Structures are given as structure tokens and as C-alpha cells.
Amino acid sequence: QANDENCTPIIYNNWGSPTNWQFHDSNTYPSLIFNDSSYLLGDYDNDGIADEVDQFPSISIGDLIDSDQDGVPDECDGACQKMGLTHDIDDDNNNLIEIRSLNDLNEIRNNLDANNLNDSSFGCLSICVGFELMNDLDFDTSGNGVIDESDEYWNDALGFEPMGETSNDELSSEFNGNGFAINHLMINRPLESKVGLFGTAGAGTNIHNLTLNNVSINGKEAVGSVIGTSINIEMSNVQVTGNVNGELLVGGLIGQVRGSSIMSYSSHIGRVTSESFAGGLFGNIYSSHATKVFHVGPVLADGYAGGLVGLSENSELSNAYSAGSVSAQSFAGGVAGEFKGSSVDRVFSVSKITHIDQDGVSGALFGDLIGVVNADTQAQIFWQTGYAQKSNGSNVDDLSIELSQEQIQCPQISGDTNC
């Protein structure tokens, strides 16, 4: 009843007019009186879901499974759709749209800020803020072991179309791989720039816990397996295998990285080729930080090839290594083809470095080094003897240390005094 002194605090003061409110037991909300009757807030459609959390309070979902009890069924067949329902795009209520098929993945391009999928936002309790993989996906839809005309996303040999092409149409949300893999991603668009699973990614992008296996990526400028070009993004725990090729700014993970981006716990194993600025991980990294990253495999370019980065500008690299081979007409290095105004620490390279032009320049770590490598004299930067010489860049204060294979492999613990 109104003014009930058995409740603390005493509320609904002076709500007791018999024509306005009706009060019930202590487990029930008050109800409004309309025309001498009232609706008792509870479960209007008798589907077992409380009105206050039911996304469809007037429609019973009957026997349909609703694992998160939000009133939106996990799956919705034709009969369900005729009732005005659709399937739940966020069964686990974490505000991430669930990606379960290649069709779902492809549909992301139409809503890169993650407000809906296939024009539906049913199941997002508030507003969805990203996407999450719920299982492995494979572009080899025919299962014959190769990507060809029998596969769904063959597209006359062009392969998958990158998602997000301009700064006005870019990924700006979370993409959580949940530890699952996307296999056999093939993109063959040699006349197009900003090529990758996501062509362009901007502020708000956070890609993590994702594996891409056996990629085959071919583009023109700003080419990577995961992202073509990016600004102000985060990437962590992303592992990629396969080959990436282009003409300019080509990286095993991302073609071009700008604007205070942070990449960590990520790797690429495979081949990277470009006419200019090829990096095992990044074609170009500007004003950003990469840590706990590595690349294994050959990197080749006409000019500026790096085991990790083609061109590093005003950026930080730490806790990283490259292994394999790096080759260019000129400016080849185990860390970067060109290293400008950047810092590096706790990095080693066991990449074999070669420059093809007899007048070319190469270095164990840097093809061209401009500025101080690291002002901290305690910085630890190692490279394997016999693979190349120190960089011949201008204005150089190269603090790297040459070590033999035995010396590099010797430590069993950090700071091993037996070595």
C-alpha cells in the first residue's frame, strides 16, 4: 500500500488514490488503474521472460530457444519471422555482434561501426559496439584445398572485397576473433589500394585474438593481410600465415599504420614482396608503437625492405625479432628498410640481408638509418654476425651489438651469466 511503514525507505507517498494506483504483494511492482482495472507488470505474453527485459513483450517466442533470456530467439525460422521476430545477433549479451558464417563476415562492410547486422540490432541489450567470431571460417567453401571458381567468394579471380575503402567508410569498432581462425583468405586486386581483410580502419578499431591462416593477398598500395591502411588503432594477439604482395607500403599484417596506433603480441609467418617499402609486419609505421611482435620469412622489394618494417618514422619498436631473409636493390635491413627518428629496444635479427645493386646499401638492422637509434645506452639490440654489416645511414649513432649464433642462442634465462 502507499505510505507502507514496513518498507525502508517509505516511498510512494500519497500515491494511494484508488483511481490511480494499485499495490500488491512485496514481490510485485505497483500497477496503474485504467477503467477500474490494472495490468500487473510481469509476463504479458506468457513466454517465461519478464516484461522489463523482454525485447518482444507482446509476442511469445514459444518453444524457440533463447539462451540469454532477452526475449530474442537464438534462431528464427520462417514462422518466427512472420511473428515480427528475427534471430538474436548477440546471444551472450556482451554487446558484440556474433559472426558465424562468411556471409555474416561479408555483411560487416555495410555497418563497420557495429550498430547492426543485416539491418537488425535485435539482441543487443543496449548498443552493440563490435563483432566477434563464434567459430572458424574458411574461404575454401568447396573444400578442394584451393581457392578457385568453385568457391563462394572467388569473384572472377578477384577474391574477397576488402571491407572499408575510405576514411568515411572504415572499420571503427572492435573485432574479437575469440581465438578462432579465418582460413584461406584470398584477395587478388592488383589495381586497387588499401587492400586487406579491412581496407581502412580508424579510431575505435580494436582487432584482437584473431588468426588468419594461409592468406594470399595482392594489391597495389597500402596492402596488408589484416588492414590496408589504419590510423589510431589497437591490435593484439593477431597471428597470420601466408603471402602478401603489392607495389608500395606492403606489410605482412598492415600496409600503413599511423597516428598513435598500438600493436602487440602479433606475428606474420610468410613472404612479403613490394616494389618499395616492404616490411615483414608493416609497410610503414608512423608515430606508433609495436611491441612483442615478430616476422619469419622472406621480405623482398626493389627499395626499402625490412624484416619488421619497410619505413619506420617517429615510432617505437620493442621486444621483437625477425628471421629469414631480406633482399632489396638497395636499403635492406633486418629491422627496417628505413629507420627515421625512431627508437628500438630488446630486438634481435637473424635475417640474412642482401642488396642486389652493387652500389646499394644494406644493414643487419637498418637499410637506411637517420637519427639516433636509441638515446638510452642500455638499449639491447642484437644481430647475428655474418648476415650483414652495420647500417650505412646518415647521422648514425648505431648502438647495436654483433653476436655469433652461439652467443644469441646461449642464454637459458634473461641475463644468463653463464654466457
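This is a predicted model: local features need pLDDT of at least 70, side-chain atom pairs count only at pLDDT 80 or more; totals for chains, interfaces and linings use all residues.
**Salt bridges**

A search of the whole structure gives four salt bridges; three of them are visited here.

Select arginine 100 and glutamate 98. Their side chains form a salt bridge, with 2.9 Å from N to O. Colour the two by accessibility: arginine 100 is partly exposed at 38% relative accessibility, whereas glutamate 98 is buried at 5%.

Move to arginine 189 and glutamate 192. Their side chains also meet in a salt bridge, at 3.3 Å from N to O. Which of the two is buried, and which is partly exposed? Arginine 189 is the buried one, with a relative accessibility of 8%, and glutamate 192 is partly exposed at 33%.

Next, select lysine 340 and glutamate 338. The N to O distance in this salt bridge is 3.6 Å. Lysine 340 has a relative accessible area of 32% and is partly exposed; glutamate 338, at 7%, falls under the 20% limit and so counts as buried.

**Aromatic pairs**

The structure contains nine aromatic pairs. Show the rings of phenylalanine 175 and phenylalanine 198. The ring centres are 5.6 Å apart and the planes stand at 70 degrees, so this pair is edge-to-face. Phenylalanine 175 belongs to strand S7 (residues 174–176) and phenylalanine 198 to strand S10 (residues 198–201), so the contact ties together parts that are 23 residues apart in sequence.

Now select Phe139, Tyr153 and Phe160, which ring pairs link into a cluster. The charged end of arginine 109 sits over the ring of phenylalanine 160, 5.2 Å from the ring centre.

**The largest pocket**

Finish at the largest pocket, which holds about 640 Å³ of space. To find it, select Gln380, Phe382, Ile408, Pro411 and Gly415, the closest to the pocket centre among its 18 lining residues. Then show strand S22 (316–333), strand S24 (343–355) and helix H3 (405–409); these are the elements that each give two or more residues to the lining. What is the make-up of the lining by residue class? Colouring the lining residues of this pocket by class gives 11 nonpolar, five polar and two charged.

Definitions and conventions: Residues are numbered from 1 along each chain as its sequence is written. Side-chain values use heavy atoms; hydrogens and water are left out. Buried means under 20% relative accessible area, exposed over 50%, partly exposed in between (1.4 Å probe, protein chains only). On a 1 Å grid over the protein atoms alone, a cavity is a set of points where a 1.4 Å probe fits but cannot get out, and a pocket is an open set with protein on both sides within 12 Å along at least five of seven lines; lining residues have an atom within 4 Å of a point. Grid points are joined across faces, edges and corners, and a volume is the space filled by probe spheres set on the points. Helices (H or I, at least four residues) and strands (E, at least two) are DSSP runs, numbered from the N terminus. Ala, Val, Leu, Ile, Met, Phe, Trp, Tyr, Cys and Pro count as nonpolar, Asp, Glu, Lys and Arg as charged, and the others, Gly among them, as polar. Rings of Phe, Tyr and Trp (its six-membered ring) pair if their centres lie within 6.5 Å; planes under 30 degrees apart count as stacked, over 60 as edge-to-face and the rest as tilted. A charge sits over a ring if NZ of Lys or CZ of Arg is within 6 Å of the ring centre and within 35 degrees of the ring normal.
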